[in-house]
Amino acid sequence: VISEIESALKKHLFLSTEAALTCALWVAHADMFVEFECTPRLGITAPFKGSGKTKLLTVLNVLTNHAVDGHLCSTAAFERLSAKGTVAFFMDEADKVFAHENSDMTKSLNAGWHAGQKYIKCDEKNEPVAYSLFSAVALAGISLPKRLCDTTLDRTILIKMVVAKAGQITEKYRQKKHKAKFVVLGRKLLRWINDHQQEIADYEPMFPDSVDGRDEEKWEPLVAIASIASPELGRRAMNLALKSVSVNQLTELDEMK
């Protein structure tokens, strides 16, 4: 079913094979993120409008269990829904919503990526309360690497999109025509996750020493899911992680220069 979702995403949206697999594995992780220590944020981004960011976000929303459209979500609602512990948010215009590092929304987003982190705030009686905000979150926005703060980017797996040219999408996604197809795929994925949840939760991927702690935390859920699905998918997922780490390291070197 992971391969089916990968193929369907590539058919109806302009995505590379690597991006489609990453999205399919992220959705699978979102269906069982409570079993992991960390839930990586998925960042769908492009420099310009019209690249299909929102459409991809919409399709992933359809695929995911307990999904919430968080585009028009207040900070209080985001925190209270996150505290329920089983919610996956899909938030558009993240370049505006999470642009400020010290905003409550950004602090909640960052705190909620790790199961053990608590966000301490005062309640309506001005008493300090520790909130557990652990929740899966997919973001879409323009130029996220430039507009999100480093603390958020450090927790995010990026999907970089470009505007498709004529004929590059086999059959463009249309909600009326194709939503039902992705609903069925999402249900099949959830059944598979439920059947293999303990195996996945117990699996510990072996990352090379070149992968630091934060990158390992980000990619561990996706690599674990892929490895239980099949050895081939496990190898492909590990290669995605290693490529992402290499790109990040080169970017950091360029910035230092």
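Asp69 stands opposite Phe90 in S3, within a predicted model in which local features need pLDDT of at least 70, side-chain atom pairs count only at pLDDT 80 or more, and totals for chains, interfaces and linings use all residues. Residues are numbered from 1 along each chain as its sequence is written, and side-chain values use heavy atoms, with hydrogens and water left out. Helices (H or I, at least four residues) and strands (E, at least two) are DSSP runs, numbered from the N terminus.

**Parallel sheet**

- S2 and S3 run parallel and are joined by three bridges; two strands pair if DSSP finds at least two bridges between them.
- The open sheet has five strands in the order S2-S3-S6-S1-S7, with parallel pairing.
- Strand S2 (67–69) and strand S7 (156–160) stand at the edges with a single partner strand each, so one side of each is left without a neighbour in the sheet.
- On average, neighbouring strands of this sheet are turned by 20 degrees against each other, direction ignored.
- Helix H2 (residues 17–30) packs on the sheet and touches strand S1 (41–46), S3, strand S6 (136–142) and S7, where contact means heavy atoms within 4.5 Å.
- The direction of H2 makes about 145 degrees with that of S6; axes are lines fitted to C-alpha atoms, for helices over the stretch in contact, and angles run from 0 to 180 degrees between N-to-C directions.

**Hairpin**

- Strand S4 (residues 119–122) and strand S5 (residues 128–131) run antiparallel and are joined by four bridges.
- Tyr119 has Tyr131 as its bridge partner in S5.
- Five residues lie between S4 and S5 in this hairpin, and Asn126 in the turn has a positive phi of about 65 degrees.

**Aromatic pairs**

- A search of the whole structure finds four aromatic pairs; rings of Phe, Tyr and Trp (its six-membered ring) pair if their centres lie within 6.5 Å, and planes under 30 degrees apart count as stacked, over 60 as edge-to-face and the rest as tilted.
- The ring centres of Phe78 and Phe89 are 4.6 Å apart and the planes are at 55 degrees, so this pair is tilted.
- Phe78 lies in helix H4 (residues 75–82) and Phe89 in strand S3 (residues 88–91), so the pair ties together parts that are eleven residues apart in sequence.
- Tyr173 and Phe182 form an edge-to-face pair, 5.8 Å centre to centre with 70 degrees between the planes, and both Tyr173 and Phe182 are buried.

**Helices**

- Helix H9 (residues 175–202) and helix H10 (residues 213–229) pack at an angle of about 110 degrees, with axes 10 Å apart.
- The contact is made by Trp192, His196, Glu199 and Ile200 of H9 and by Ala224, Ile225, Ile228 and Ala229 of H10.
- Helix H6 (residues 104–111) is mostly covered, with six of its eight residues buried, among them Met105 and Leu109.

Note on methods:
Buried means under 20% relative accessible area, exposed over 50%, partly exposed in between (1.4 Å probe, protein chains only).
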